[in-house]
Amino acid sequence: MIEHAKQAIIKYNMMRHARGGIDTLYAFALSDSGHIHDGASYEPNIAHATVCGERHAIANMILQESYAAKIKSIIVADPVPEVQKHGTPPCGTCRHLIWSQGSPDTTVLLLQYIQEKNGWTFPKLEKYTIKDIYPLPYEPDEHLWGSK
Ligand SMILES: [Zn+2]
């Protein structure tokens with residue numbers, strides 16, 4: 001899965017650069033069926049229409065495997081100018097979506113990548129579980145004030 005991510009990051013960055021684009025945040029969701037779904041952040045000129053790379057990858061998983069699919073692991077790969085203490089973690093909303101479309105033990109891998117003169121390097125990878133970074137999930141109880 002990590003090898004898939006590294007190759008895809010290079011492939012997508014080369015495609016984007018060929019059309020004047022730049023490196024971006026990518027996400028790769030490994031489902032319980034063993035398929036890997038790619039995503040990239042989408043940052044249009046209306047800020048509130050932005051879509052996180054994680055959500056793009058999850059939406060691709062739902063597209064191809066239905067809501068029955070579960071996330072086993074997700075890689076979040078963000079470009080950095082130099083190695084950072086921590087890679088970019090998922091935002092709060094994406095943490096919730098990873099948790100609700102996965103399991104407490106779903107792993108979240110933060111991969112830092114750097115654009116060098118002759119390609120890209122991947123100097124740091126951190127591993128967490130979603131329960132580590134989303135310890136108190138939002139679970140509204142629709143029946144809390146029910147009729148009985
Ligand atoms: Zn997000």
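These exercises work through a predicted model of one protein.

**Exercise 1.** State how many helices and strands the protein has, and in which order they run.

Solution. Start with the count: the protein has four helices and five strands. Then read from the N terminus, where the order is α-β-β-α-β-α-β-β-α.

**Exercise 2.** Find what share of the contacts with a separation of 6 or more joins residues 24 or more positions apart.

Solution. Two residues are in contact if their C-beta atoms lie within 7 Å. Of the contacts with a separation of 6 or more, 62% are between residues 24 or more positions apart.

**Exercise 3.** Compare the span of helix α2 with the expected span, then list its buried residues and the elements they pack against.

Solution. Helix α2 covers residues 53–65, which is 13 residues. From first to last C-alpha it reaches 18 Å, close to the expected 18 Å at 1.5 Å a residue. Next, its buried residues are G53, E54, R55, H56, A57, I58 and M61. These pack against the strands β1 (26–31), β2 (36–40) and β3 (71–79), and against helix α3 (92–100). Just after α2, S66 has a positive phi of about 75 degrees.

**Exercise 4.** Describe the largest nonpolar core and the contacts of I75.

Solution. In soluble globular proteins, nonpolar side chains tend to be buried together. Here the largest nonpolar core holds 29 residues, and F28, A29, I74 and I75 have the most contacts inside it. At least two core residues come from each of α1 (2–18), β1, α2, β3, α3 and β4 (107–116). Now take I75: leaving aside neighbours within four places in sequence, I75 is in contact with M1, I2, A5, A27, F28, L109 and L111.

Technical notes
Residues numbered from 1 in each chain as written. Predicted model: local features only at pLDDT ≥ 70, side-chain atom pairs only at ≥ 80, totals over all residues. Expected span 1.5 Å × (residues − 1). Buried ≥ 20, exposed ≤ 12 C-beta atoms within 10 Å, placed from the backbone. Core = buried A, V, L, I, M, F, W, Y, C linked by C-beta atoms within 7 Å.
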